[in-house]
Amino acid sequence: MNAAILPSHIIGADPAEKNFLLAVEALTVSFDGFKAVNDVSFYVDPNEIRVIIGPNGAGKTTVLDLICGRTKASAGSIKYKGQELTKLSESAIVLAGVGRKFQTPSIYDDLTVFENLEISYPRGRSVFGALTFKRDAQVRDRIEEVASMIFLKDQLLERAEFLSHGQKQWLEIGMLLIQDPELLMLDEPVAGMSVGERVKTAELLNEIIKGRSVLVIEHDMKFVEDIAHRVTVLHQGKVLSEGSMERVKNDPKVIEVYLGH
Amino acid sequence: MLGDYSLTDLSSIFVMQGFAGLILFSVYTLMALGLAIIFGQMGVINMAHGEFMILGAYMTYLCSGFFQTHLPALFPAYFFVAMALAFVASGALGMLVEWALIRHLYKRPLDTLLATWGLSLILQQAYRTIFGPREVGVELPAWLIGSVQVTDTIEIPINGMFVMAVTLLITAGVALLMYRSRFGAQVRAVVQNRPMAGAVGIDTEKVDRLTFGLGCGIAGIAGSAFTMVGSTGPTSGQLYIVDTFLIVVFGGAASLLGTIASAFSISQTQSTLEFFLSGSTAKVITLLAVVGILMLRPQGLFTLKVRR
Amino acid sequence: MTRAPSSTVHDNPFMKPMEWISLALLVAVIFLVLPMLLDAFRLNLVGKYLTYSFVALGLVICWGFGGILSLGQGVFFGLGGYLMAMYLKLEASSVENTKIQSTPGIPDFMDWNQITELPWFWKPFTSLPFTLIAVIVVPAFFAFVIGTAMFRRRVGGTYFAIITQAIAAILTILIVGQQGYTGGINGITDLRTLHGWDIRTDRAHNILYFVNGGLLVACILFAQYVKRSKLGRILVAMRDKEDRVRFSGYQVASFKTFAFCLAAVFAAIGGAMFTLQVGFMSPSFVGIVPSIEMVIYAAVGGRLSLFGAVWGTLLVNWAKTSFSESFPELWLFGLGALFIAVVLAFPNGLAGIYRSYVEPRLTRRVKALEPAPAVALPHGTPAE
């Protein structure tokens, strides 16, 4: 069994020396005095898959909200490729290369699968650009390519409303893929999925994480063990432990508050 | 523009206009209280709120006539009966409307707005058919007429003080009800987490109906108080609806204290400006200021920072 | 990697066959049927109604697609109308025409209010080109300022409705209060000529009716272009899941502002045409009551249907005119009931009824003509 290890020990080197894709430092946010995220620091390497785990209310989703600009930080910094994100608008953060999937599938019920994907296609994002956007062969091919990756190529013309829960999750992942972010943030991508869907999703994730960094929140430990390079455990808004799955799993503090006996 | 007045004149003007403002403040507060409950707690936009108020005013008018002809001995006290009746009538109509209309539209706030606007048109026409298109006024009992001479330049009308006293009582009552009673706790529970409130055994539908009825009932009392300072016509309610919504939004929709503070600042600004400028310019400046501030600070004056 | 055959998804056609038929029907009714059936007076009345349908058309884009309900469209209708009226009034107030006034050459209501010089903001309206540009630019700018201020701060839904309503109230009070500059409650009346051309004759009314119809069709076509563009789909997407759109890299506020500005410009064109055809403009078309009434036109037609907006406007106004002529006291009951019914029972209005009952039958017959299934804009559930 390992002794408690502070995150800075795991990182080893001085953060400034290394080229992190994402450097979160001393991040704090408080809602009416309640510190939902309290002095959290962690670093994500290029091409790393990082999983954030922790009990309910640990501040996991809030950390993602802070990174993508949905919630404004009270203190601390978030540097993405050396660029400070806390001052940017949500759309600017997306354009910088950060993509985010929400906990409940967040797709456009009234549009078809094709149109859902098309909206995420990284072109014509200004008012004028959207007005004159042409659905050319390049767009169609890319959408069809992604649609087959997310197992939805036969549903392209269906309204998204009529998809199953799992298919909706895939659609949202597909929408992120088309965006082609360098940092992909997924909030519980397999929650509420059947066993079959879960296996397919793991397969899908393994496919799409190639060439990018991924930050995942997940409760399913089996799934976490399958994909995680490193794990960060949050508890009551603070980093409780960090390291490889093996190491975190054997950390007595983690066992006490989260994994159980 | 201040140069033409002496210092004593000015202070008298401010006191008297301040008092006129306080009467306006009382009517605004009563109307806004009902709306703050319905909009702030339930998120429902009730465009017919003014018509619920006018129902209370017409009830008072009927009462005044009834006591005059049938119970002249009790006439001095009719106003209290009228207010109770106004509360019951507007509250009952409110609960009926909630049952027939509002409950189907909780997930579509903009549609509620249109539907209640339709309701307000129907009520206006109903008032016109029943009470006639002309404005009606009520007969005040003798003890409410006249004014108290404070100094030789300052006098304060008694009916105004009465309206203020009523406002104070109702406001205190609502505050007690919402923050100290079991019913208030249930309302707040339903607002914060409807499924959970339902799961712990609160009849959420009943709470909705009572809340809506309470808001409308308070509007009825506002109408009753309104008869003392103005006359009542079928479309009088519509004149106040925008002001009232602005007050509620300006105060921060979910806060009773904010509603009161906002009613106070808006009514005082308006009535003080009214003395120096024409009524319409005063109103335009007041409303523009409110809209301007709301554009810069859309959450209103008093709000809690909450996790989205 | 397997690839689905590209032929499955076409670019949206500009209009689907059924939409072409709807357009043809509308054009036939406006340009042939009504002018043949109605006398000059009634045709002018229809022309007046059609100016309201510009507002309804804008609301379909802004409210139906974008989910932004403005209760202040009367402001833009009024702005368009007043700016036009200012030009016409100045032309009607030549020194020659107003020589009995104490100050000849200024509009009569200014003279009545002891104003002796034309105010600065009236002066440019002696120019017709300036006026025509102002009719478009001023409302668009106004909408841009309101839209940017509100949408940047994430004000939407009911708050936006309340604020726009307050703006309508403010503008009405301002116009009524500033009699000397605006003509007050009576508005700007006694308008005579447009660049020397008498607009009061039957013949002029007739010509203006067709100009109005042409402009309306042009606006419908532009709205259709917006609707079928990616922007149209983004509006629908924003209505559903605003956050998702934001996190797909769009500045949601700009898109909302665009929809609001477009609706404002449509309304202003309608207002200007109203002034030309009816010969006056007054605050009674600016305030809260007319603004909400114009929402019901769009709702009755079907808040997601561009053509429905026109039919809804015509139907409600036809009902209003016939009721008001025979049973004036019943009209408000009817209008009130219409608001409630369209919300509770027919949230998609006439277009919804058409789609559920008429179209399925028609489609069976037209099917032979239709190409492979196209990606259609969904009809969808009404916005919140």
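Modeller: Start with the hairpin made by strand 4 and strand 5 of chain A: 2 residues lie between the strands, and A:Lys81 takes a positive phi near 50°. This is a predicted model, in which local features need pLDDT of at least 70, side-chain atom pairs count only at pLDDT 80 or more, and totals for chains, interfaces and linings use all residues. Residues are numbered from 1 along each chain as its sequence is written, while chains are lettered from A and ligands numbered from 1 in the order in which they are written.

Some terms come first. Helices (H or I, at least four residues) and strands (E, at least two) are DSSP runs, numbered from the N terminus. Two strands pair if DSSP finds at least two bridges between them.

Strand 4 and strand 5 (residues 83–84) of chain A pair in the antiparallel sense, over 2 bridges. Strand 1 (residues 22–31) and strand 4 (residues 75–80) of chain A run antiparallel and share 5 bridges. Further along, A:Thr28 stands opposite A:Ala75 in strand 4.

Now step back to the whole sheet. In chain A, 4 strands form an open sheet in the order 2-1-4-5, with antiparallel pairing. Strand 2 (34–44) and strand 5 are its edge strands, and each pairs on one side only. Helix 2 (residues 60–68) of chain A lies across strand 1, strand 2 and strand 4, and runs at about 70° to strand 2. For such angles, axes are lines fitted to C-alpha atoms, for helices over the stretch in contact, and angles run from 0 to 180 degrees between N-to-C directions.

Chain A has another open sheet. Its 6 strands follow the order 6-7-8-3-9-10, and the pairing is mixed. Strand 6 (98–101) and strand 10 (238–243) stand at the edges with a single partner strand each, so one side of each has no neighbour in the sheet. From one strand to the next, the twist averages 15°. Look inside this sheet for a parallel pair: strand 3 (residues 49–53) and strand 8 (residues 213–217) are joined by 4 bridges. There, A:Arg50 has A:Leu215 of strand 8 as its bridge partner.

Helix 7 (residues 165–179) of chain A lies across strand 6 and strand 7 (183–187), running at about 175° to strand 6. Helix 11 (residues 252–259) of chain A lies across strand 3, strand 9 (230–235) and strand 10, at about 120° to strand 10.

Next, helix 4 of chain A. A residue is buried if 20 or more other C-beta atoms lie within 10 Å of its own, exposed if 12 or fewer, and partly exposed in between; C-beta atoms are placed from the backbone. In helix 4 (residues 113–120), 8 of the 8 residues are buried, so the helix is largely enclosed by the rest of the structure. Among the buried residues are A:Phe114, A:Glu115, A:Leu117 and A:Ile119. Their cover includes helix 6 (137–149) and helix 7 of chain A, together with helix 9 of chain C.

Two residues are in contact if their C-beta atoms, placed from the backbone, lie within 7 Å. By this rule, 33 residues of chain C touch 38 residues of chain A. Helix 9 (230–240), helix 10 (242–246) and helix 11 (252–278) of chain C each supply at least two residues to this side. Helix 9 of chain C gives the largest share, 7 residues. By class, this side of chain C has 15 nonpolar, 9 polar and 9 charged residues. Here Ala, Val, Leu, Ile, Met, Phe, Trp, Tyr, Cys and Pro count as nonpolar, Asp, Glu, Lys and Arg as charged, and the others, Gly among them, as polar.

Chain C also meets chain B: 38 residues of chain C are in contact with 35 residues of chain B. The largest share of that side of chain C, 15 residues, comes from helix 6 of chain C. The side divides into 30 nonpolar, 5 polar and 3 charged residues.
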